[in-house]
Amino acid sequence: MESKKYVQLSLFPEEEEISMEKETATECNYDLSGLFERLSKSDFRSRFHLSKKDKEYIAEKGLVTIRKHAQDFVAKRLAPVEIPNDGKQTPMKGHPVFLAQHATGCCCRGCFSKWHNIPAGRELSKEEQQYAVAVLMTWIEKEYSKVK
């Protein structure tokens, strides 16, 4: 006799996804004030800002989509134990998340270790990936809300 597998489905999967996507650094209990204070003192890190084109892209796609992009970039370009081109995997332009990665020291494992005290040489945990995304989205949201 063949056994049947049942999958429990939510009645409102869209709402669950959206509520998870809107998670902010504050809701995750991350105090990023010290990090952003240190980053502001770095000539290199503080030179990154969203352009008008970046802001238009964010407005067109929405912050939920930008967060998904950040999650994907972190999972594929920052989280693996071995990154073949580590230190060179993050472009300097082309997507708001790339700028955020450089502005926040989340661009490679060396910078991530230096700025966030999370060592290289091992895969990032899900919690560490969530932290990185929270840092990136906090920077993007701050930059997006600035009036130029």
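Start by selecting asparagine 117, which sits in the loop between α7 and α8. Helices here are DSSP runs of H or I with at least four residues, numbered from the N terminus. You are looking at a predicted model, in which local features need pLDDT of at least 70 and side-chain atom pairs count only at pLDDT 80 or more, while totals for chains, interfaces and linings use all residues. Residue numbers run from 1 along each chain as its sequence is written, and side-chain values use heavy atoms, with hydrogens and water left out.

Is asparagine 117 buried or exposed? With a relative accessible area of 65%, asparagine 117 is exposed; the cut-offs are under 20% for buried, over 50% for exposed and partly exposed in between, using a 1.4 Å probe and protein chains only. Its phi is positive, about 55°, although it is not a glycine. Most residues other than glycine have a negative phi.

**Step back into α7.** Asparagine 117 follows this helix. Now select Arg109, Cys111, Phe112, Trp115 and His116, which are buried in α7. Looking down the axis, you will find them within an arc of 160°, so they line one face of the helix. That arc is taken from the directions between the helix axis and the C-beta atoms. They pack against α2, α3, α5 (63–78), α6 and α8, where contact means heavy atoms within 4.5 Å.

**Move on to α2.** Here, select Leu35, Phe36 and Leu39, which are buried. Their arc around the axis is only 90°, so they are on the same side of α2. Among the elements covering them are α3 (43–46), α6 (96–104), α7 (109–116) and α8 (126–145).

**Look at leucine 32.** This residue is in the loop between α1 (13–21) and α2 (33–40), and it counts as buried at 7% relative accessibility. Show tryptophan 139 too: the two are 107 residues apart in sequence, yet 10.0 Å apart in space, C-alpha to C-alpha.

**Finish at the second largest pocket.** Its lining includes Phe36, Leu39, His49, Ala103 and Trp139. Which elements give two or more residues to this lining? They are α2, α3 and α8. By class, the lining has 5 nonpolar, 3 polar and 4 charged residues; Ala, Val, Leu, Ile, Met, Phe, Trp, Tyr, Cys and Pro count as nonpolar, Asp, Glu, Lys and Arg as charged, and the others, Gly among them, as polar. On a 1 Å grid over the protein atoms alone, a pocket is an open set of points where a 1.4 Å probe fits, with protein on both sides within 12 Å along at least five of seven lines, and lining residues have an atom within 4 Å of a point.
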